[in-house]
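Thanks for making the time. I have one model to take you through, and I will keep to what can be read from it.

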Amino acid sequence: MLGKERSKEIADRVLALSSADQTEVLIFGGNQHLTRFAVNTIHQNVSETDVTVRVRAVFGKKMGVASGNDLSDEALRKVVESAETVARFQQDNPDFHSLPEPQPIEKVDAYSEATATCTPEERATVVSAICAASRENDLEAAGAFSTTVEEVVIANSLGVSAYHCGTVAHIVTVIMSEDSSGYATATAMDVSTLEPETVGRIAMDKALRSRHPTSIEPGAYAVILEEDAVADMLFTLNYLGFGALAVQEGRSFMSGRFGEKIAGENITIWDDGHDPRGLMLPFDFEGVSKQRVTLIENGIAEGVVYDSFTAGREEGKVSTGHSLPAPNTFGPVPLNSFMATGQATKDEMLASTERGIWVTRFHYTNPVHPIKTVLTGMTRDGTFLIENGEITRPLKNLRFTQSILDAFSRVEMLGSELKLLRSGWGNFAVCAPAAKVEEFRFTGTTEF
Amino acid sequence: MRELTDRALNLAQVQGASYADIRIVHRETQYITVKNGVVQELELDSTQGFGVRVIADGAWGFASSHLLALAEIDRVAALAVTIAKASALAKIEDVDIGPPEVHVDTYRTPVEIDPFAVPLNDKVSLLLETDKEARSVKGIMVAESSLTFIRENKTFASTEGSYIEQEIVESGLGLVTMAVSEGEMQQRSYPNSFGRHQGTAGYEFIQQWDLVGNARRMGEEAVALLSAPQCPSGLTTVILDGPQLALQVHESCGHPIELDRVFGTEAAFAGTSFLTPDKYGTLRYGSGIVNITADALTPTGLGTFGYDDEGVPAQATDVVKNGLFVGYLTSRETTSQLRRIQPNAPVRSNGSMRADGWNRIPIIRMTNVSLQPGEWAPDDLIADTDKGIYMLTNKSWSIDDKRLNFQFGTELAYEIKNGKLGRMLKNATYTGITPQFWGSCDAICSVDHWHVWGTPNCGKGQPGQVAHTGHGAAPARFRNVRVGLIK
């Protein structure tokens, strides 16, 4: 871990080396520790220390970027020179106006000493307990337990200078029998609040209850989607169309629909990098303070997130603090999104369902038709038939092919609790409730 | 370099490691992207560091750092041993990596034109010209073209005595065009979708593909798709082009033959496999004409190298022979595990362990997993098909966590009627169950139409790793396939 002073010293050193009109330095640092287990034993246990220094050099409207992870003076000078050389080869980018000016950035408390100092032995002890409980029940546990410290520094020659350090603790387990599996996960800033025993118990309970699954015909069913499944759909909406570039290029489901009803009245979605219920990040990768942006409110398409490029293309728009690291062709994207809760418990959803399917989570989802938000994927690790308000039997997994916004137009009940869920890649997170959805479309089955 | 590797290996042994290896890696990457007439990305990245992998107390440990200094080597090697000893707290049995692998060698990707020596101006000009051609088609909303070049130098050393130096060079290119109308978006990509086509080769790889010459066609096809009829639903005959078939092989054969998945180590993330050891040598995976190999020696393949990241030499392995499942992708450890269940399995690893850089532990990754060519010419195959759909270039993909139920969508499709290609169809999808699907394969095109496609974005592992894999394929025909699921 570099720490604030050392990080800023490196940033200042880089800025002093540059002869460009404007210069930006973005530093990612930190440590990542991960203990991975399968078949009730640890099979992979890793630790990583890294730092990446990215330099953006600007001459007029020409930009170049170079990066490296060697912090010596000579190496940093080479990175700056590479960025400048690349910039000189560039053509003008008409969408570029300027790097951002400094602005106040609210501090967030996203660091936990307990997470930062968690040892391999502590992680192994937690994992051993899950494996032992699994073994006692003739089951096999797999999963990963990680503790991470992440540092971000952004500084530019106009005076922007921001530092953030956050921690993330994450545990996931899939516990399996010969013909069943159960899943549970937890994510928190503070490892001491993670409750890994609960995670293990939930997964084991599901593995035991889902033994001897039977098939059901594909078709439209009422579904109770646990928080992971709802989050999967929310992640998809985030990258498909909640960014301004996707709208400007006409490839977003929001394009031309602002002010229109695109989901049920009980659906409200927003992004907020300052909300402590999520994985907080107070500024984006251009150093702009993150704003709370309402994306869908009571089913109405309200807004999308902007970076400085996309804001510069539209009259009266400013960056909402959602830039990805430059350069990128993807545009801004929400990284800390939330979906509003309802009033129901999952038991109440279950009791209200005459016939339907309980979905623990989805697997390998991918958009089939982005503008229509049609998504396909499989159910996984705990799929059950609901009859007359009760779970009656486990089901073999099903494939769904379903428009997300159509599903979000048929949400009959929303869970009263938000769950923090991390994406499979990186530390992008959403907070989502469980949901009961009518007429969810399953299009295929598999053999387990 | 020897000083650093010796230091790490000695220290790990002194700390109690019974086995240790170290990889020192330096990777340089150049990205250039032109989007809608503007050079949006022009980036040079460099990353270097080392990773130390050890067995201590019969369990694995791994630690890595970007700081290439003797003191840091000491810290990281000791940390790897500490981590291994912590792993042993949940140990059931000692790790067995089988017989020693001792190799002292060097390997370099054969390169005719060093891609990093080609002037940036030439590369940018190629993309700007491609972009101009693509956007000359009325109705194109987005055109994005890119070039990617990677040079990775890595040194592997182990306590068994191996010392291997490799230089892997990759070159990649891609174009995607998008057309949008009310509620509809269509895209066409060249030479392959999802970013780019890539191979282990120099700039000559870029020159082999006429990016500029195909740009206008991609634009025209994307626009034409907007008004094309929807792909119908039902059971029919499907012919897949090479790029789509390459991804079909990747998802439904390449992943399930990864022996670490089979033994459950990906269970909580990417999933497991239906190809369990009891099916080894007995399961009919496909029809008698289906032959699939894993070959890390294929020229220009994206899964081509000299040695894997455990220091095992690159090899060619039969995976499916005349329809029968006969081989896995293996590591040293999983080879030993398999032989306890299947004593007739090979004694040595077939060299499939690769790591995504210095800071990741090697895991089993596809090399070049390829469907071997058959006898047909594409025109004859179409002429021999009364009714069906010809599908080209992947647009979406999904498969269950044992790799049985899959669903793919393609960018482009054509109706086949009475042995001739008919109208263009949009939003084509097909779905199936892996062994049934491959069992319905009744024709594969010849070596003249076979190409090794690069997949530079294969995700697996925790922490996440992205692998570069290759897949040889020629167009092939499948019967009784369920198509068209979008409403």
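Predicted model: local features only at pLDDT ≥ 70, side-chain atom pairs only at ≥ 80, totals over all residues.

Chain B first. The secondary structure of chain B comes to 10 helices and 23 strands. Its C-alpha trace spans about 70 × 55 × 40 Å along the principal axes. Does the radius of gyration agree or disagree with a compact globule? For 487 residues, a compact globule would come out near 23 Å, and chain B has 24 Å, so the two agree. Of the 487 residues in chain B, 62% are buried.

Now the contact between the chains. Chain B puts 71 residues into it, and chain A puts in 76 residues. Which element of chain B gives the most to the side that touches chain A? That is strand β2, residues 38-56, with 12 residues. By class, this side of chain B has 33 nonpolar, 28 polar and 10 charged residues.

As a reminder, strands of a sheet pair through backbone hydrogen bonds, either parallel or antiparallel.

On to the domains. The assignment for chain B gives domain 1 as 2-226 and domain 2 as 234-483. The C-alpha centres of these two domains of chain B lie 21 Å apart. Between them, 48 residues of domain 1 are in contact with 37 residues of domain 2. Here β2 of chain B comes up again: it gives the most to the side of domain 1 that touches domain 2, with 6 residues. The residues on that side of domain 1 divide into 16 nonpolar, 21 polar and 11 charged.

Next, a sheet in chain B. Four strands form an open sheet in the order β12-β11-β10-β15, and the pairing is antiparallel. The edge strands are β12 and β15, residues 369-371, and each of them pairs on one side only. Inside the sheet, strand β10, residues 292-295, pairs with strand β11, residues 316-321, over 4 bridges in the antiparallel sense. In that pairing, B:Ile292 stands opposite B:Val320 of β11. Helix α6 of chain B, residues 242-254, lies across β10, β11 and β15, and runs at about 120° to β15.

Last, a single residue. B:Ser331 is in the loop between β12, residues 324-325, and α8, residues 332-341, of chain B. Is B:Ser331 buried or exposed? There are 27 other C-beta atoms within 10 Å of B:Ser331, and the cut-off for buried is 20 or more, so B:Ser331 is buried. Leaving aside residues up to four places away in sequence, B:Ser331 touches B:Leu259, B:Asp260, B:Glu310, B:Ser349, B:Ser352, B:Met353 and B:Ile364. B:Asn350 is 19 residues from B:Ser331 in sequence, and the C-alpha to C-alpha distance between them is 6.9 Å.

That is the end of my notes, and I can take questions now.

Terms used. Residues numbered from 1 in each chain as written. Chains lettered and ligands numbered in written order. Helix = DSSP H or I, 4+ residues; strand = E, 2+ residues; numbered from the N terminus. Rg over C-alpha atoms; globule rule 2.2 N^0.38 Å. Buried ≥ 20, exposed ≤ 12 C-beta atoms within 10 Å, placed from the backbone. Contact = placed C-beta atoms within 7 Å. Nonpolar A, V, L, I, M, F, W, Y, C, P; charged D, E, K, R; others polar. Domains from an automatic or database assignment. Pairing = 2+ DSSP bridges. Axes fitted to C-alpha atoms, helices over the stretch in contact; angles between N-to-C directions.
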